[in-house]
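This report looks at one protein model, beginning with a pair of strands and moving out to the whole fold.

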Amino acid sequence: MTTKAGSDGVTGVAGRAFALVRSAIEKGRIPGGVLGIVDRNGGRTVLAHGSAQVFPDRRPMTRETWFDLASLTKVIFTTTRILKLAAAGAIDLDASLTSVIPDFRQQDISAWERKVTFRQCLGHLTHFPATTPLYIQGLSPHLLRTSELQREWPKGESVYSDMNFILLGFVLERLMGEGIRDMDAGSGFAFSAPLELSAATEQCPWRQRMICGEVHDENCAALEGAGHAGLFGTADAVLDFAAGVLEGDARGDPVVQLMRQPLSDRRTHGWERHHAGWPGGDVCSAATIGHTGFTGTGLWIDFERGRAWTLLTNRIHPTRHFDSGIFDLRRQVGDAVCAS
């Protein structure tokens with residue numbers, strides 16, 4: 001897709017997109033970032049700049065840096081596994097979660113939560129709140145799971161909710177008979193990463209340390225593995241996954257077809273679909289899906305162009321309480337990647 005243009009950078013699509021990332025780093029908006037682009041024909045470019053950590057010590061960002069992928073866990077890990085189970089006939093996406101978790105809200109068999117389906121969770125079409133600090137309860141992982149399954153949730157408007165994927169994670173644990181952290185994370189992925197190879201995230205007031213190589217999300221940490229966060233990987237691992245999705249689309253893989261199937265004006269099964277003002281930019285085709293992660297990560301797949309790109313940053317390092325400009329950067333990068 002691009003050709004080398006000396007030690008200072010590259011030309012073409014990747015060069016234009018990476019210049020935006022480099023500028024954000026040099027302006028102090030984000031410590032560092034890795035941009036990766038892959039196409040259906042196997043072309044690949046991965047570029048890194050900046051620092052993987054700036055506090056308390058500085059380390060360089062490299063192509064081999066591992067990232068806490070945050071909510072990319074939802075699409076790379078949890079959605080893929082749930083859809084594979086559905087394609088194999090192991091679950092019915094329109095059945096309620098109680099078909100696998102019969103004890104969900106078992107004290108009230110008429111509770112609205114007992115009617116929630118797998119498809120509704122995948123499409124964020126339930127009535128759970130966006131998020132809630134489960135970790136402050138101070139319970140063991142087992143008791144925390146038990147507590148959340150019996151909790152009476154307020155029935156609000158349908159919003160993007162971590163709880164949808166926490167519950168889908170519980171489903172996987174019940175079906176697989178093991179905790180998520182004990183499952184195969186997938187080729188190139190893991191549920192933790194070596195400290196010296198990882199992009200640092202935040203100085204955590206709850207854990208009272210700089211988080212690096214361990215999950216940033218507090219609820220995932222308290223659960224010791226969850227379906228909404230916790231996956232680690234490099235840019236190349238994310239691109240390998242995306243390339244597999246593009247390949248699966250070409251051969252009519254039913255799992256990929258479900259990934260692409262709209263469930264609302266903004267969502268497919270697990271993924272966000274192209275809509276006005278979304279983080280993937282305006283230039284990508286209507287046949288594009290994507291997702292972002294709180295730590296500063298993102299992945300987008302344009303099926304019409306046969307191209308995917310990932311932007312991985314440590315935008316919350318050393319704190320989330322700073323305007324990193326990540327939303328605008330994601331859109332600008334997406335437009336640059338799709339401009340040709």
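Strand β11 (residues 297-302) pairs with β12 in the antiparallel sense, over four bridges. Strands are DSSP runs of E with at least two residues, helices are runs of H or I with at least four, and both are numbered from the N terminus. Two strands pair if DSSP finds at least two bridges between them. W300 stands opposite W309 in β12. The hairpin of β11 and β12 has four residues between the strands, and G306 there takes a positive phi near 65 degrees.

This is a predicted model: local features need pLDDT of at least 70, side-chain atom pairs count only at pLDDT 80 or more, and totals for chains, interfaces and linings use all residues. Residues are numbered from 1 along each chain as its sequence is written, and side-chain values use heavy atoms, with hydrogens and water left out.

β1 and β12 pair in the antiparallel sense over seven bridges. D39 stands opposite R307 in β12.

| Strand paired with β12 | Sense | Bridges |
|---|---|---|
| β11 | antiparallel | four bridges |
| β1 | antiparallel | seven bridges |

In a regular strand the side chains alternate between the two faces of the sheet. Both faces of β12 are covered: R307, W309, L311 and T313 are buried on one side, and A308, T310 and L312 on the other. Buried means under 20% relative accessible area, exposed over 50%, and partly exposed in between (1.4 Å probe, protein chains only). Seven of the seven residues of β12 (residues 307-313) are buried, so the strand is largely enclosed by the rest of the structure.

V38 lies in β1 (residues 32-39). V38 is buried, at a relative accessible area of 1%.

Helix α9 (residues 326-337) holds L329, which is buried with a relative accessible area of 5%. Beyond its neighbours within four places in sequence, L329 is in contact (heavy atoms within 4.5 Å) with L20, V21, A24, I30 and L311. L329 and A17 are 312 residues apart in sequence, yet their C-alpha atoms are 9.7 Å apart.

Now the whole protein. It has nine helices and 12 strands. Of its 340 residues, 57% count as buried. Among contacts between residues at least 6 apart in sequence, 63% join residues at least 24 apart. The C-alpha atoms fill a box of roughly 65 × 45 × 35 Å along the principal axes.
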